[in-house]
Protein chains: 2
Amino acid sequence: MAEGEPDVVPDDGLTTRQRRHRPLLMINTGEGKGKSTAAFGTAMRGWNQGWSIAVFQFVKSAKWRVGEQAVLETLGQLHNETGQGGDVEWHRMGAGWSWSRKKGTEDDHAAQASEGWQEIKRRLAAEAHDLYVLDEFTYPITWGWIEVDEVISALTNRPGHQHVIITGRGAHPALLDVADLVTEMTMIKHPFQSGQKGQRGIEW
Amino acid sequence: MAEGEPDVVPDDGLTTRQRRHRPLLMINTGEGKGKSTAAFGTAMRGWNQGWSIAVFQFVKSAKWRVGEQAVLETLGQLHNETGQGGDVEWHRMGAGWSWSRKKGTEDDHAAQASEGWQEIKRRLAAEAHDLYVLDEFTYPITWGWIEVDEVISALTNRPGHQHVIITGRGAHPALLDVADLVTEMTMIKHPFQSGQKGQRGIEW
């Protein structure tokens, strides 16, 4: 098919314009690299469209995404100073979320993940952002810290026009079912296999 | 395995530090989305490390990457003004390459692609950049416009420490053989299948 052209025109009573502007739930999953990097690339593109971008990082270690965070925060700052692009918020789970006064400990990741999700639900209900990147969000679901049914309900009923990207390995099948776009990244060949360690700029 | 830890330590006489800093040839291929987006995400991360970034877009239509181009050029400009990050060049095949005085026509894509590749070879020999993104570069190889053996020779013999990312469907097997990192993006579910058209910020 030609790029940008649909295979079929669905009988859903929507105009092309309405379909074109449908908010998307996107999932980048699989064992390969590029899941988060592609999501942050989409965020970069959204910034250029003037979107309000919010990133929620559901990982302990902040090391791996420090480059993307620095760049997206630089773009957010540029927006604040010049009006170019959109605003950017970057929140990460670590010792408590940045909006929270209470500092977490190493032991309460489940509680922190749940707290992060509650905040995302509030923001979705308030239509706070145009694009949400829920980075590594598959894991707290897999580990039972966040109920997949609750996630599906909140995402499928989200109001307005809010795009959501979820990244992480092993996305729950029920989540894949309700997604609009699912991409699986498969590792065919990796330098770690031949004794290469992660390196600056490539891995973080 | 723990992230960042190699499976085996190879008997190649290199120190860990030498291996860590080995320049990488990366290929993002497959039928799915995210090949280019992940590459531009890596470029964004490299920019943050102060790398000199050069993008060569081997596609006719410039529509699809306009967001990434705008953002990376914004970052390049920021570098020129403030010294933050690295410098960025973005070249695309269209009506001739930007460094070329002669304007191309719709008919000489093969010649243009070849001209682009000659320029890349010159820059690799001169160690002009830290990261080269050869976007959609698999196609001119597939179409026979650029010889895969010549590409492999130039890439495997490139001097210094220059990373290269190639994107596009159907990467040539001989190219995969010499790559350090190959990721295949597979489309599991796509909104175009249910009648959705491409939309701003998501597709371009």
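Q: Which way do the residues of β2(B) point, and are they buried or exposed?

A: In this predicted model, Ile53(B), Val55(B) and Gln57(B) point one way from β2(B), while Ala54(B) and Phe56(B) point the other way. All of these residues are buried. A residue counts as buried if 20 or more other C-beta atoms lie within 10 Å of its own. Strand β2 of chain B, residues 53–57, has five of its five residues buried, so the strand is largely enclosed by the rest of the structure.

Q: Which strands are joined to β2(B) by five bridges?

A: Two strands count as paired if at least two bridges are found between them. Five bridges join β2(B) to β3(B), and the two run parallel. Within that pairing, Gln57(B) has Arg92(B) of β3(B) as its bridge partner. Five bridges also join β2(B) to β4(B), residues 131–135, again in parallel. Here Val55(B) stands opposite Val133(B).

Q: What is the order of the strands in the open sheet, and which strands stand at its edges?

A: The open sheet has 12 strands with mixed pairing, in the order β3(A)-β2(A)-β4(A)-β5(A)-β1(A)-β6(A)-β6(B)-β1(B)-β5(B)-β4(B)-β2(B)-β3(B). At the edges stand β3 (88–92) of chain A and β3 (88–92) of chain B; each has a single partner strand, so one side of each is left without a neighbour in the sheet. From one strand to the next, the twist averages 15°. Within chain A, β4 (residues 131–135) and β5 (residues 163–167) pair in the parallel sense over four bridges, and Val133(A) stands opposite Ile165(A) of β5(A).

Q: Which strands does α3(A) touch where it packs on the sheet?

A: Helix α3(A) touches β2 (53–57) and β3 of chain A, and its direction makes about 145° with that of β3(A).

Q: How do the axes of α3(A) and α2(B) cross?

A: Two packed helices are described by the angle between their axes and the distance between the axes. The axes of α3 (residues 66–82) of chain A and α2 (residues 35–48) of chain B come within 8 Å and cross at roughly 85°. Angles of 65 to 115 degrees count as roughly perpendicular, and α3(A) is therefore roughly perpendicular to α2(B). From α3(A), the contact is made by Gly67(A), Glu68(A), Ala70(A) and Val71(A); from α2(B), by Gly41(B), Met44(B), Arg45(B), Trp47(B) and Asn48(B). These residues divide into four nonpolar, three polar and two charged.

Q: How many helices and strands does chain A have?

A: Chain A has seven helices and six strands. From the N terminus on, its elements run α-β-α-β-α-β-α-β-α-α-β-α-β. Of its 204 residues, 42% count as buried.

Key: Residues are numbered from 1 along each chain as its sequence is written. Chains are lettered from A and ligands numbered from 1 in the order in which they are written. This is a predicted model: local features need pLDDT of at least 70, side-chain atom pairs count only at pLDDT 80 or more; totals for chains, interfaces and linings use all residues. Axes are lines fitted to C-alpha atoms, for helices over the stretch in contact, and angles run from 0 to 180 degrees between N-to-C directions. Angles under 35 degrees count as roughly parallel, over 145 as roughly antiparallel, 65 to 115 as roughly perpendicular and the rest as oblique. Two residues are in contact if their C-beta atoms, placed from the backbone, lie within 7 Å. Ala, Val, Leu, Ile, Met, Phe, Trp, Tyr, Cys and Pro count as nonpolar, Asp, Glu, Lys and Arg as charged, and the others, Gly among them, as polar. A residue is buried if 20 or more other C-beta atoms lie within 10 Å of its own, exposed if 12 or fewer, and partly exposed in between; C-beta atoms are placed from the backbone.
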